[in-house]
Amino acid sequence: MRKILYFLLIVFCIVGVSLVNNGRVHAAAPSATIKITAIETGVFDETLKQKVITLSKATPVIVLSEADGWAKIQYKTVIGYIPSEYLMSATPQYMLVQAKEEPLVRVTNKQESEIKGKLHLNTIVELYGSATADFVFVKYGRLVGFVNQQALVKPASKAMIVKSSADLVVREIASSSSTEIGVLRKNSPVKMLTNLKGWAFVKTDKLSGYVLTNGLVTPPVEKEKPEKPEKPVNPKPATDKKIALTFDDGPHPKVTRQILKTLEKYEAKATFFVVGQEVKEHPEILKAVYNAGHEIGNHTFNHERLTTLTPEEIKKQIQSTDTLIKSTIGQRATVFRPPYGSYDETITDQLNVPNVLWTIDTLDWKHRDPEKTVLAVKEHAKNGSIILMHDIHQATADALDDVLATLQKQGFEFVTVSELLGK
Ligand code: NI
């Protein structure tokens, strides 16, 4: 019988050792477990019947052992028993020790109580319970007790990375002989809360503790992203598909703005053929169009069919609009489009800029149907197309997102007419 007991004892020892070994790799038992009281509870003596003291809710205690539903705990100088169900695990706050002198850790929250040890300056300690009391309950490895809360501050954190050369052992305190509580894999990001005498306290979502500072590096500085993706330096190959979207008859206070927004979303450039009388009404919209990098074209002053006008009238239609554009954005129109696409030599003779018509008419002004606009573009778009739309109809603005998405999928780049024509 006795031999069997010895045998069991030996087996237990082996199992125990192997558990500890496993703990080295994964998570090991800390040297002291701190729990807090879930409710107000009595602490009982060894008989489990005689109450020694009463602890209020959320009081941190040191758990020495647990068995049969009872936890053997220490609270200040008292050692006793609490039903396990009245204790819950506690999440500590990590605090930095900062004081003129190394603060003393005492058994109780009384100034004159027994001293258990000192905390080194700049160490990170675990704080349990309230951080506002005069004396607060802290843990640093095996050293647990009360310390003057004025010696503790909230630490700043610095992003670091575990060196790529090796995994890093995490220890309970800043000492190479202290308990290992885990390993940080190479290249893991961590938050460093302090760095003292070769040891850094680091924190991840799963693990926290001390590591050798020389196992950490500062992360590479992230390149500041430019507001817009940089254009490739090399010119695009000639096979690139380009297309010019054009919007006539505006500017319109609502529709044009919506169109600008959608163009911006796709980083698309377009050309707006504006009418003089609308520019006069909404100069701020024209400015917004121009400032967004789009091309401005002249579309006459009040959208007359020019072929029915005298040369004098034609000149007035074109020049008054040009003057208005110049006074609004500081630059003349760089292209011209005659209303209804109706022109002759008398008209072109008067132009100092290219006369630009279109290759795809979406007929958006006629059907006012976003789906039909999308379909017209989808079916006819090819490299070099100039698409005619109008920024005075809500249906056109509503179609634009689909138009751009469709063309982008087909690999088109959206450019102004001048860019398309190579001017
Ligand atoms: Ni027009």
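Some ground rules. The model is predicted, so local features need pLDDT of at least 70, side-chain atom pairs count only at pLDDT 80 or more, and totals for chains, interfaces and linings use all residues. Numbering runs from 1 along each chain as its sequence is written, and side-chain values use heavy atoms, with hydrogens and water left out.

Now the overview. The protein chain has 10 helices and 28 strands. Those are DSSP runs, numbered from the N terminus: helices are H or I with at least four residues, strands are E with at least two. Of the 423 residues, 42% are buried. Buried means under 20% relative accessible area, exposed means over 50%, and partly exposed is in between, with a 1.4 Å probe and protein chains only. The chain exposes about 24200 Å². Carbon and sulfur atoms supply 52% of that. The areas come from the Shrake-Rupley method with a 1.4 Å probe; for residues, only the protein chains shown count as cover.

Next, contacts, meaning heavy atoms within 4.5 Å. Residues 24 or more positions apart account for 63% of them.

Is His-299 buried or exposed? Buried, at 1% relative accessibility.

Now look at helix H9, residues 394-409. Its 16 residues should span 22 Å at 1.5 Å a residue. The expected span is 1.5 Å times one less than the number of residues. The end C-alpha atoms are 24 Å apart, which agrees. Where is the kink in H9 centred? On Leu-400, with a kink of about 35 degrees. That bend is the angle between axes fitted to the seven residues ending there and the seven starting there. Just after H9, Gly-411 takes a positive phi of about 90 degrees.

What does H9 pack against? Its buried residues include Leu-400, Val-403 and Leu-404. The partners of the buried residues include H2, helix H8 (370-380) and strand E22 (241-248).

Thr-262 lies in helix H2, residues 255-265. Thr-262 is buried, at 11%. Leaving out residues up to four places away in sequence, Thr-262 touches Leu-400, Asp-401 and Leu-404.

Last topic: salt bridges. The structure holds 6. Each is a side-chain nitrogen of Lys or Arg within 4 Å of a carboxyl oxygen of Asp or Glu. One joins Arg-337 and Asp-248 at 2.9 Å, N to O. This pair links distant parts of the chain, 89 residues apart. Asp-248 sits in strand E22, and Arg-337 in the loop between strand E25 (335-336) and helix H6 (345-348). Both residues of the Arg-337 and Asp-248 pair are buried.

Another joins Glu-66 and Lys-35, at 3.2 Å, N to O. Glu-66 is in strand E4 and Lys-35 in strand E1, so the pair ties together parts 31 residues apart in sequence. Glu-66 is partly exposed, at 42%.
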